[in-house]
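Trainee: I would like to go through this structure by question and answer, starting with single residues and moving on to the sheet and the salt bridges.

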Amino acid sequence: METKKGNSDSDTKILLVTANVGSLFEDPQRLLTIWLEEFIGNITKINPRFLALHLQEVGGKTYENSMGNVQEFIRRLCEAMAKTEFIFVRIYMDEDFKSAEHFTALGNIYFGHKNISTLRIWNFLTHCWDDNQLDNEKQIFCGNIETVPTKEKAKFPQHFFPECKWSRKGFMRTRWEINGTAIDLVNIHLFHDASNLAACEDFPSVYCKTRRRALIHTIERFHLDDKNGSVPFFLFGDFNFRCDTAGVVKELTTNLTAHRLQSVKNESTKINYRNTDGNNILTVGKKEFSHADHQLKFKELWLKEFDKELAPLAEFLVEYPINFIPSYPFEEDPEMPTDYMSTRCPSWCDRILMSPQVRDIIDTDEWQYDMIGESVCMGDHKVRQSPLAWSKHSIHSRH
């Protein structure tokens, strides 16, 4: 979301970016340089005054073995950004995987440009602006960050989790006053679809209902937070929103015949949809979703019709129109940067949403909402970005 007025001296241009980086930390030798070059290239081109980068799956899926790669990522990112005119740095990396009740694997990274007139950060312990925090231009919080007061972080309650498996899902919030305007920047990671077969049974699926429950829980928590008050917020991360899988399968299998294959182990159950010549056109298994024209079919406009998860929450969360292909699941091989894996129905998992009040502070004549690294390998998720600008005026917290 970027406006023509964003180049005016009276406007503040900020850039919001979300990236699920699980693949990055598991294969840094092949992916880290590609990822950083693509990311820094976009920063240079857009030239914002404030940059917010929200990461999910910090340390990767095998975080016990690959969490050590996080420090190298931070070092190289800060090294590259030091060559720019961003002088304020705040980094929050939740890395303490031994703390099951707190670990979210979220990372919130913020850079402020030297030309920002005023920049303040909120203290969630004292419930006021922490002016002293920005006396030190660079602060990095890693490992166990539970006691850091300039962020609010929470893991979703265990009973929210599908199959009662308490995984790394939750949110992390910071609050900033940038040139007189106060906003909350919230990183979030919601639950995935554990089985394509279960997701096919109905819409909303059991997974969709759980994601919606956690999302409402988060929004209500902010709304009821009397101690910190409320300000307009941006909520961006890996929502794991999936297309209406049942509807997609129905759309793709008109005039096809279903053939269920089941081995001794139920996990191997899958359904082949065949044409009159006996050729498999679509195969759906627990972790398999494969179409005969897989690399083209899901980049066509028809699929957007089945992106429905956000619709029931339109009163509380708004989003700019999506004009890009699904962000997940891409191949993790640098030699196949534009190909989807045949594991899930491609979907728009990675999103940048906002409260309706944000409309009062940003100019929407023009906007950009797109992906970084469309033609290079960024891991299984493509990075999502949104530049935006607002005019100088103040919105303070409401108590």
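**Questions on the model**

Mentor: Thr-44 has a relative accessibility of 58% and therefore counts as exposed, where exposed means over 50% relative accessible area, buried under 20% and partly exposed in between (1.4 Å probe, protein chains only). This is a predicted model, in which local features need pLDDT of at least 70 and side-chain atom pairs count only at pLDDT 80 or more, while totals for chains, interfaces and linings use all residues. Residues are numbered from 1 along each chain as its sequence is written, and side-chain values use heavy atoms, with hydrogens and water left out.

Trainee: In which helix is Thr-44 found, and how far apart in space are Thr-44 and Thr-84?

Mentor: Helices are DSSP runs (H or I, at least four residues), as are strands (E, at least two), numbered from the N terminus. Thr-44 belongs to helix α2, residues 28-46. Thr-84 is 40 residues from Thr-44 in sequence, and their C-alpha atoms are 8.2 Å apart.

Trainee: What is the order of the strands in the open sheet?

Mentor: Two strands pair if DSSP finds at least two bridges between them. Between β12 and β13 (residues 270-274) there are 5 bridges, and between β14 (residues 280-285) and β15 there are 4. The sheet has 4 strands with antiparallel pairing, in the order β12-β13-β14-β15.

Trainee: Which strands stand at the edges?

Mentor: An edge strand here has a single partner strand, so one of its sides is left without a neighbour in the sheet. Neighbouring strands are turned by 20° against each other on average, direction ignored. The strands at the edges are β12 (257-261) and β15.

Trainee: Which residues make up the covered face of β15?

Mentor: Strand β15 covers residues 288-291 and forms a hairpin with β14, with 2 residues between them. Its uncovered face consists of Glu-288 and Ser-290. The covered face consists of Phe-289 and His-291.

Trainee: Is Thr-283 buried or exposed, and with which side chain does it make a polar contact?

Mentor: Thr-283 lies in strand β14 and stands opposite Ser-290 in β15. With a relative accessible area of 8%, Thr-283 is buried. Leaving out residues up to four places away in sequence, Thr-283 touches Lys-270, Ile-271, Asn-272, Glu-288, Phe-289 and Ser-290, contact meaning heavy atoms within 4.5 Å. Its side chain makes a polar contact (a pair of N or O atoms within 3.5 Å; within protein, one must be able to donate a hydrogen and the other to accept it, and residues adjacent in sequence count only if both atoms are side-chain atoms) at 2.8 Å with the side chain of Asn-272.

Trainee: At about what angle does α7 run to β15?

Mentor: The buried residues of α7 are Thr-245, Gly-247, Val-248, Val-249 and Leu-252. They pack against α5 (196-199), β13, β14, β15 and α8. Axes are lines fitted to C-alpha atoms, for helices over the stretch in contact, with angles from 0 to 180 degrees between N-to-C directions. Lying across β13, β14 and β15, α7 runs to β15 at about 30°.

Trainee: Which residue caps the N-terminal end of α7, and with which residue does Asp-244 meet in a salt bridge?

Mentor: The cap is Asp-244, with a side-chain oxygen 3.3 Å from the backbone nitrogen of Ala-246. Asp-244 is buried because its relative accessible area is 6%. A salt bridge is a side-chain nitrogen of Lys or Arg within 4 Å of a carboxyl oxygen of Asp or Glu. At 3.1 Å, N to O, the salt-bridge partner of Asp-244 is Lys-308.

Trainee: How many residues apart are Arg-120 and Glu-177?

Mentor: At 6% relative accessibility Glu-177 counts as buried, whereas Arg-120, at 25%, is partly exposed. Their side chains meet in a salt bridge of 3.0 Å, N to O. The pair links distant parts of the chain, strand β5 (residues 119-123) and strand β9 (residues 170-178), and the separation is 57 residues.

Trainee: How many salt bridges does the structure hold?

Mentor: One of them joins Glu-79 and Arg-75, with the closest N and O atoms 3.1 Å apart; both residues lie in helix α4 (residues 69-81), 4 residues apart. The structure's total is 22.
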